[in-house]
Amino acid sequence: MERIASDTRPEAMLECMMLIRAYEERLAAMQAAGQAAGTCTSVGQEASAVGVVRALGPDDRILTNHRSAGHLIARGADPGRILAEVMGKRDGYCKGKSGSLHVSVKELGVVLTSTIVGGELSLATGVGLSHALLGEQGIVACFFGDGAACEGIFHESLNLAAVWKLPILYVCENNQWQAYVHRKETMLGDRISEWAAKYGMEGLTVDGNDVEAVHAAATQAIASIRRTGKPFLLETYTYRLRGHYEPDDQSYVDPAELSAWRAKDPIDRLRAKLLTSGTLSETGLQQMRQRVAAAIEQAVAFAAASPFPDTAELTTDVYA
Amino acid sequence: MSEITVNEAVSQALAEEMRRDPRVVMFGEGVATKRRELVREFGEKRVRNTPLAEGIIAGTAVGAAATGLRPVVDLLFAPFLCFSMDEIVNSAGKLRYMSGGQFAFPLVAIAMTGGGWTVGAQHNHNVESWFVHSPGLKVVMPSTAADFKGLLKAAIRDDNPVLFFVDLALGFEPGEVPDGEHVVPLGKAATLRAGRDVTLISYAKTVNHCLQAADDLAKAGISAEVIDLRSLKPLDEKAILASARKTGRVLVVHEASRMCGVGAEVAAIVAEKAFDALKAPVLRLTGPDAPAPSSYVLEQAFIPQPGAIVEAVRKLVVPAFAA
Ligand SMILES: Cc1ncc(C[n+]2csc(CCOP(=O)(O)OP(=O)(O)O)c2C)c(N)n1
Ligand SMILES: [Mg+2]
């Protein structure tokens, strides 16, 4: 049974961000060692994932994209089963048929993950329509990147959601990169949230490297959606600290820009704040690190032990 | 039995299925405007107009299907499906598999195509085989009013995404439709005329052309069996092979162009599995590798006509009859 994670204490959000970071760094190391396939990591963007996902309730649904490990783990997904999926193993969430780029976990409300850039935007309105027509209480959170905001479907999706008053929280994770192209080469504006007003919905940009700020903004946005039934566009302004897809030497990245954003690392920031304020002690931090390390070892062992799928699985699950 | 048109059959199917299942919703450009009777009976929540944006129309159907609704979307003319390809092919067709079977996508996408209205190549393009070639999708293209009704009802009840192609020329075609509940299972061909000497396999409007050709052939002493595929995926392989074995001669007829069309698949199935029964090579009579023209004369020339079918059959059977 999957359990939806809901702890919103700052130290819980810190530990979750640490778990995401440790998971993705381990996966990148395994890729480098030839033990796992390539993957898109969200290193540097953990605050966006945790801040938004932990603001959601159990009835809310999530759509996400190729950079989804943070969203999944923040929602309570088991890193062992995610890793098994990435490794093409039978116990992966999608029986090894997805790989890293499109992991969905229906039980956790993580529906319809797509690696077609903008795919999640095209599907979110339908999930929103289901919620609106079937009398479901929850809202729909749809994560996408700044690159997806360049796709026509971004505009089609926002427009329809606004016109039909669908309960959708659009979350644009503006990490400044669109694969190997810097965002500044692809759009003149700096704020994707500004599109919202033109479609008649509220938009807001938040510091995506401050998990408490993200959580507060998402909570406010979700409250507005629940109150008005109208969609909301939240932009988490952040940075992709690793490459697009492992392995990636980032030779095309401006070192000054990278180090400026490293200095704003969301995990370092919250940890320093909690230690300074006394919310977290050095011992508490040590225990956190140990728990995270143990969880990763357990995940790796689980994924390694999981068998590959039977080749008979090749043609199952095609039709209902 | 009542005689109604194909368009009326479609309307009946929609209304009956919406009545039967509150999860069935319908939307598209002008759907609520054109289908006032559905809006009146089922309300404007379930029957909706949309913005002019085929990508999000199809995507909304896919997302809704995955989370409890059973959408029917009208995407108007088949060439507009190019704007919905990602949502239909990459999402509806693949996400069940890619999620390890966690989701199903019970939706129907309706599109019109085919010559007869001289609308030209950006409104008329028989693209059905594109979808036959894509995993996870089903494809139907009926020819009679009864099948339009029965297959649309089955498509709406099916738990998979179904492309429902409406041959433009057939909309006002009348036909006998059984009274009461009438559902035609997907994946079953219909033998519309039994024959001994040759099998004509077709779908959509060219089925009628095959029936006319069969009448003419009968006068010449050639007995033609006519099979309406109705469903292009799943394809009724059993019916195709049984008839091929019976007559030993097969002509496949469709309006879509030849290369990699449904006819190529039918011919390959017959060659692979009934080769020993064949008395002649399997032939195809199809539209050309050209965009559909607008001029009425050219548009009619695009479509395999009864006369051309008779001639093709003569090529198939004459050596045997002469011998
Ligand atoms: C339709 C489509 N075009 C291109 C790609 C290749 N691609 C995968 S991720 C990506 C960058 C997406 O950028 P963004 O939306 O900002 O998301 P990020 O990767 O930065 O999280 C590209 C171009 C794709 N998967 N789908
Ligand atoms: Mg980006």
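Modeller: Contact here means heavy atoms within 4.5 Å. This is a predicted model, in which local features need pLDDT of at least 70 and side-chain atom pairs count only at pLDDT 80 or more, while totals for chains, interfaces and linings use all residues. Residues are numbered from 1 along each chain as its sequence is written, chains are lettered from A and ligands numbered from 1 in the order in which they are written, and side-chain values use heavy atoms, with hydrogens and water left out.

Biologist: How many residues of chain B and of chain A take part in the contact?

Modeller: Both sides are counted by the contact rule just given. Chain A brings 39 residues and chain B brings 42 residues.

Biologist: Which residues of chain B lose the most area to chain A?

Modeller: Buried area is the accessible area (1.4 Å probe) that two parts lose on being put together, summed over both. Between chain B and chain A it is about 3,200 Å², with 66% given by carbon and sulfur atoms. On the side of chain B, 21% of what is buried comes together from the residues that lose the most, Ile56(B), Thr67(B) and Tyr97(B).

Biologist: Which element of chain B gives the most to the side that touches chain A?

Modeller: Helices (H or I, at least four residues) and strands (E, at least two) are DSSP runs, numbered from the N terminus. Elements that each supply at least two residues to this side include strand 2 (24–28) and helix 5 (85–92) of chain B. The most, nine residues, comes from helix 4 of chain B.

Biologist: What is the volume of the largest cavity?

Modeller: On a 1 Å grid over the protein atoms alone, a cavity is a set of points where a 1.4 Å probe fits but cannot get out, and a pocket is an open set with protein on both sides within 12 Å along at least five of seven lines; lining residues have an atom within 4 Å of a point. Grid points are joined across faces, edges and corners, and a volume is the space filled by probe spheres set on the points. There are two cavities of 30 Å³ or more. The largest cavity has a volume of about 80 Å³.

Biologist: Which residues line the second largest cavity?

Modeller: This cavity holds about 40 Å³ of space. Helix 1 and helix 11 (282–305) of chain A each give its lining at least two residues. The lining consists of Tyr23(A), Arg26(A), Leu27(A), Leu83(A), Ile296(A), Ala299(A) and Val300(A).

Biologist: Which residues lie nearest the centre of the largest pocket?

Modeller: The largest pocket contains about 430 Å³ of space. Of its 19 lining residues, those nearest the centre are Asn7(B), Lys34(B), Arg35(B), Asp74(B) and Met112(B).

Biologist: Where is Gln250(A) found?

Modeller: Most residues other than glycine have a negative phi, and most peptide bonds are trans. Gln250(A), which is not a glycine, has a positive phi of about 55°. Its place is the loop between strand 7 and helix 9 of chain A.
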